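Hi there,

Here is the structure I promised to pass on to you. Could you have a look at it when you get a moment?

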Amino acid sequence: MRLFALVAAMVVLVTAAFWAGARVQLAVQEDNCLDLGGGRHPGDYPVCVVERFPDWLSIGPIALMPAAVREMSTEETGNEQVILRLELNKDAAFAVAGLTRAKIGKDLELRVGNRMVSAVTVREEIANRRWNLILPKEAADLAVREYQ
C-alpha cells in the first residue's frame, strides 16, 4: 500500500512539474512573439503568427517592422548599390540569432517588400545587433522610406 501511494505521489509530482514547465514555456514564447509584433492564430492555436509587411524587410521568415530597428543609415557605393546600416533592438536581434543558429548550412533570403534582394548560405549564428546590408538602390530607398 505504501509503495502504491509513493508511486502515485511521484506520478502526480512529475505530471505537475511537466504541466508547469509547459505553461512557463508557452508564456515566454507568446511574450517573444508579441514583442516581435505577432499574435496568436485565430482559434487560439499556440502558434506565433507575425504579419508580413510587404513594403519592409524580411530575413527568412522573420518580418522586421520599423519598430524593431533602433537606428538606420545608408551609404552610397557608387555602383547602383547602397549599404543599408541597421541596428536591431534586443528582441529582433534575439530572433534573428535563433533563426541563423537553426539555419546553419542552409539558405536564407533577404526581402524588401515582396522582392528577394539577396540569398545567402548561413555559415554561423549571427548574434549581432548591427547589420550592414548591401542592397540595390531601389530596394534600399524603399526600406528607408518605410522606416521614416
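Below is what I found in it, from the overall picture down to single residues.

A word on the basis. This is a predicted model, in which local features need pLDDT of at least 70 and side-chain atom pairs count only at pLDDT 80 or more, while totals for chains, interfaces and linings use all residues. Residues are numbered from 1 along each chain as its sequence is written, and side-chain values use heavy atoms, with hydrogens and water left out.

Confidence: the mean pLDDT (the predictor's confidence in each residue, from 0 to 100) is 80, and 83% of residues reach 70 or more.

Of the 148 residues, 28% are buried (under 20% relative accessible area; exposed means over 50% and partly exposed in between, with a 1.4 Å probe and protein chains only). The accessible surface is about 10000 Å², with 58% belonging to carbon and sulfur atoms (Shrake-Rupley method, 1.4 Å probe; for residues, only the protein chains shown count as cover).

Now the sheet. Strands β4-β3-β7-β8 form, in that order, an open four-stranded sheet with antiparallel pairing (two strands pair if DSSP finds at least two bridges between them). At its edges are β4 (62–63) and β8 (115–121), each pairing on one side only. Six bridges link β7 (residues 107–112) to β8 in the antiparallel sense, and arginine 111 stands opposite methionine 116 in β8.

Threonine 100 lies in helix α2 (residues 90–102) and counts as buried because its relative accessibility is 0%. Leaving out residues up to four places away in sequence, threonine 100 touches Leu108, Val122, Glu124, Glu125 and Ile126 (contact means heavy atoms within 4.5 Å).

Leucine 6, in helix α1 (residues 2–35), counts as exposed because its relative accessibility is 52%. Together with Leu3, Val7, Met10 and Val11, Leu6 makes a nonpolar surface patch of about 500 Å². Patch residues have over 30% relative accessible area and no salt bridge, with nonpolar side chains (Val, Leu, Ile, Met, Phe, Trp, Tyr) joined within 5 Å and like charges within 9 Å; a salt bridge is a side-chain nitrogen of Lys or Arg within 4 Å of a carboxyl oxygen of Asp or Glu.

Best wishes

Notes
Helix = DSSP H or I, 4+ residues; strand = E, 2+ residues; numbered from the N terminus.
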